[in-house]
Amino acid sequence: MVCGVALAAVGGTTPFAGAAGAPEADLAYHGTVALRRGVLDVRLTPYDHGPSAVPDATVRLLWSAPLADRQRLPGGCLRTGVREVVCRTGALAADGFGERIALVLRLRGRPQEVTLALGTVWAGGTVDRNRANDRQRVLVLDTGDPYSF
């Protein structure tokens, strides 16, 4: 299922241009990201502010630096580019949290800083009219400190 979702997301479909009468949901992501010696530690939790539940969604994590060629990704996550990983959120109840997504990713080399851009690329057939809280950009310095989003 993730492969199909990822391919749809990469193919350029617009996940939020829902048809008239489509249920509305408001997705958001909260978490932390840390960088130490070329290794990223990402923890994020999806949230649906409602009013409708989301049967499944996909979040994209896009980095300003390329990822190392070999990665170990958790179930539900798929690498879709040199700098990109997508992960499914699973079902989200209205006004509910989803399961935490935890990733440890290696970068090529050891950049002193990277930027993470994350956002929803597929919302399970729901329409999200408030895109401000599901798109985030985080500057991460190679300090080992967690940066919150």
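**A tour by selection**

Begin with R37, which is exposed, with a relative accessible area of 54%; here exposed means over 50% relative accessible area, buried under 20%, and partly exposed in between, with a 1.4 Å probe and protein chains only as cover. R37 sits in the loop between β1 and β2, and R37 has a positive phi of about 55 degrees although it is not a glycine. Most residues other than glycine have a negative phi, and most peptide bonds are trans.

This is a predicted model, in which local features need pLDDT of at least 70 and side-chain atom pairs count only at pLDDT 80 or more, while totals for chains, interfaces and linings use all residues. Residues are numbered from 1 along each chain as its sequence is written, and side-chain values use heavy atoms, with hydrogens and water left out.

Select D95 in the loop between β5 and β6, where D95 has a positive phi of about 60 degrees without being a glycine and is exposed, at a relative accessible area of 54%. Then select G50 and P51, which are joined by a cis peptide bond with omega of about 10 degrees; P51 lies in the loop between β2 and β3.

Now colour the whole chain by secondary structure: there are 1 helix and 10 strands, taken as DSSP runs (H or I of at least four residues for helices, E of at least two for strands) and numbered from the N terminus. Of the 149 residues of the chain, 46% count as buried.

Next, show the side chains of V33, L61 and W63, the residues with the most contacts inside the largest nonpolar core, which has 30 residues; such a core is a set of buried Ala, Val, Leu, Ile, Met, Phe, Trp, Tyr and Cys residues joined through side-chain atoms within 4.5 Å. Among the elements that give two or more residues to this core are β1 (27-36), β3 (58-63) and β8 (113-122), and β1 gives the most, with 4 residues. Which residues is W63 in contact with, leaving aside its neighbours within four places in sequence? They are V33, L40, V42, R83, L105, V114, T115 and L116, where contact means heavy atoms within 4.5 Å.

β7 runs antiparallel to β2, and 6 bridges join the two; strands count as paired if DSSP finds at least two bridges between them. Within this pairing, R106 in β7 is the bridge partner of V39.

β4 and β5 pair over 4 bridges in the antiparallel sense, and L78 stands opposite V86 in β5.

Finish at Y47 and F97, an aromatic pair that is tilted, at 4.4 Å centre to centre and 55 degrees between the planes; rings of Phe, Tyr and Trp (its six-membered ring) pair if their centres lie within 6.5 Å, and planes under 30 degrees apart count as stacked, over 60 as edge-to-face and the rest as tilted. Y47 lies in strand β2 and F97 in strand β6 (residues 96-97), so the pair ties together parts that are 50 residues apart in sequence. Y47 counts as buried at 13% relative accessibility, whereas F97 is exposed, with a relative accessible area of 60%.
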